Structure formats: C-alpha cells, structure tokens
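Here's a quick walk through the fold and its ring contacts. Have the model open as you read.

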Amino acid sequence: MYTDESIKIPLIDFSRILNEKLHRDEMTKLHAACEEWGFFLLINHGSEETIEKMKNHVEEFFKQPLEKRKLMLKNHNIEGYGQSFVRSEDQKLNWADMEILERYSTEVNKLAIQLMGMMAENLGLEANRLTDMLRDVHQTLRMNYYPPCPQADKVVGISPHSDPIALTLLIESNNVQGLQIRKDCMWVPVHAIPGAFIINIGDMVEIWSNGKYKSIEHRVVVNHHRERLSVAVFHSPNNEDAIIGPLPELVKEGAKYYKSTDLNTYYELNSTLQGKKHANIMKLVNPILE
C-alpha cells in the first residue's frame with residue numbers, strides 16, 4: 001500500500017457552521033467528511049490562542065528531561081510520562097502553569113460536545129441524542145513525542161489502528177507531519193494547519209451511527225531529521241450504563257450492522273485485540289463481518 005501526498009482531507013470552518021446563512025452548506029461538508037473520511041481539519045473554532053499556549057508548554061515540557069523523570073509512570077498507573085495515557089480531569093502534575101492544561105481540556109471538551117450535536121443534526125437526530133453521551137465525559141489527554149530516526153522507513157511511530165472511543169481532537173505541536181490515514185487502499189498524509197484541530201471519528205460513533213459515519217484506520221510515521229510533537233484528547237462516555245450499539249432511529253428495516261454491548265464489555269473486547277487491525281476489532285461488534 002503506497003502513500004499519496006496529493007490527496008487532502010476535508011477542511012471544515014466552524015465559524016461558517018455558526019453563521020445562519022452559511023450553516024447548511026458547511027453542515028453538508030461536515031456530513032460528507034464524517035461519512036467518507038472519518039477525519040477533517042477544523043478551523044475558526046475560537047480556541048486558537050489556547051492551542052498556541054498549549055503547544056508552547058508541550059514543547060517546553062519535552063525539553064526538560066529531569067522534570068519528565070519526576071513524572072515517570074508507576075506500575076498499574078495510566079498517569080505520567082511513559083508509554084501510556086495521561087488523564088486530564090483531576091491530574092495535578094508538577095509542570096509549569098497547570099492552568100493551561102486545565103483550560104485546554106475544558107475548551108476541547110466543549111468543542112467535542114458541540115461537534116457531537118452537529119453530527120446528530122446531520123444524522124437526523126435530536127442534538128442531545130449524541131451530546132448526552134459525553135455529558136458525563138471520560139476525557140483523556142496524551143502528549144506524544146516522536147524523536148527523529150535516521151532509518152525512519154524501518155520503524156513506525158504508532159502502528160495502524162482506529163480509536164475505540166467516540167471522538168478525538170488532535171493538534172500537531174511543532175508542525176512536523178506524521179499522521180496518515182488509510183483511504184482507498186492508500187496512506188494519505190494529514191497536513192495540519194496552524195490553529196486547526198485534526199478531528200477524527202472513533203469506533204463508538206461509527207457503531208452509534210450504524211456505520212453511517214466511519215472510524216478510519218490511521219498510523220503515525222516518524223521523521224528522518226526532526227522530532228514530532230502532538231497532543232491528542234480522547235472523549236468517551238463515563239457512564240457504566242452507556243450502551244455501545246446502533247441507535248434505534250438509525251436502524252432502517254432491521255438492518256442493524258453492529259451488535260450492542262455495555263461499556264465495560266466493549267472495553268474488555270477492545271483490550272483483547274490491542275495492536276490488531278481495525279477490521280478485527282469491528283468483527284467483534286459487526287455480525288456482517290463474522
């Protein structure tokens with residue numbers, strides 16, 4: 001499978017969605033992006049200043065090896081510096097100006113809920129049908145550092161996968177490209193725009209929409225000469241009673257493409273297949289693939 005540099009992912013202007021005269025046209029573009037790509041760039045969302053502050057602090061953090069060592073992961077703990085996630089909601093790290101992280105997490109969560117409402121509208125649902133899924137949100141934040149590699153073609157930053165959650169909002173901190181999405185049997189590089197979020201649909205939204213919206217396989221490659229920094233924020237329900245399954249309103253003529261399961265069982269199934277291909281993960285919830 002080869003890489004095609006000429007293809008560009010959709011660009012959505014959030015300010016146009018909020019404009020009464022431009023709302024319908026931009027919502028149509030958003031709908032197509034969710035259906036055909038599962039990824040899009042979001043500009044003019046109102047958090048550009050917070051993004052820049054977050055980028056600066058992330059870059060400063062990774063320049064301080066002693067500080068990072070103080071935050072090393074402990075056994076059976078997902079918080080800290082290492083090969084795992086950093087949870088943002090109650091975390092108190094010994095890092096300069098924690099207010100930036102808290103503000104960033106709050107603004108990103110607000111935007112994620114707004115986007116879920118817009119997706120619900122495009123699917124012909126009441127806005128709260130999807131936004132309520134994230135009212136009691138489980139939000140995790142991961143800051144990624146990919147050092148340069150002289151033999152970058154022989155390694156991978158993150159292996160191909162899809163996100164098992166509902167919605168991911170990502171920024172590239174130092175504008176070094178590395179994210180690629182799989183489309184039409186090709187790897188398509190995602191070129192970020194300063195101040196823009198890279199948004200991607202997660203497996204949960206694909207399942208809730210009964211396959212209407214797509215959770216796309218993606219990977220990260222490393223650069224020969226430059227380090228790459230990124231910040232990803234993942235959103236999913238935090239209610240154990242949440243059901244991960246097609247919404248009844250979107251099941252037409254009995255064509256239910258995914259099984260329904262509770263949140264805990266969903267995560268248990270997902271964890272058994274970590275590192276395996278997206279199609280294999282979906283096989284657990286999609287009877288058509290069995």
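## Surface and overall build

The protein chain exposes about 14500 Å², with carbon and sulfur atoms supplying 50% of it (Shrake-Rupley areas with a 1.4 Å probe; for residues, only the protein chains shown count as cover). Bear in mind that this is a predicted model: local features need pLDDT of at least 70, side-chain atom pairs count only at pLDDT 80 or more, and totals for chains, interfaces and linings use all residues. Residues are numbered from 1 along each chain as its sequence is written, and side-chain values use heavy atoms, with hydrogens and water left out.

You'll find 9 helices and 13 strands in the protein chain (DSSP runs, numbered from the N terminus: H or I for helices, at least four residues; E for strands, at least two). Of its 290 residues, 50% count as buried (under 20% relative accessible area; exposed is over 50%, partly exposed in between, with a 1.4 Å probe and protein chains only).

## Aromatic pairs

There are 2 aromatic pairs in the structure (ring centres of Phe, Tyr or Trp, its six-membered ring, within 6.5 Å; planes under 30 degrees apart are stacked, over 60 edge-to-face, the rest tilted). Y104 and F197 make a tilted one, at 6.4 Å centre to centre and 40° between the planes. Y104 sits in helix α5 (residues 98–122) and F197 in strand β9 (residues 197–201), so this pair ties together parts 93 residues apart in sequence. Y104 is buried at 1% relative accessible area, and F197 is buried at 1% too.

Y266 and Y267 form an edge-to-face pair, because their ring centres are 5.6 Å apart and their planes are at 65°. Y266 is buried at 5% relative accessibility, while Y267 is partly exposed at 29%.
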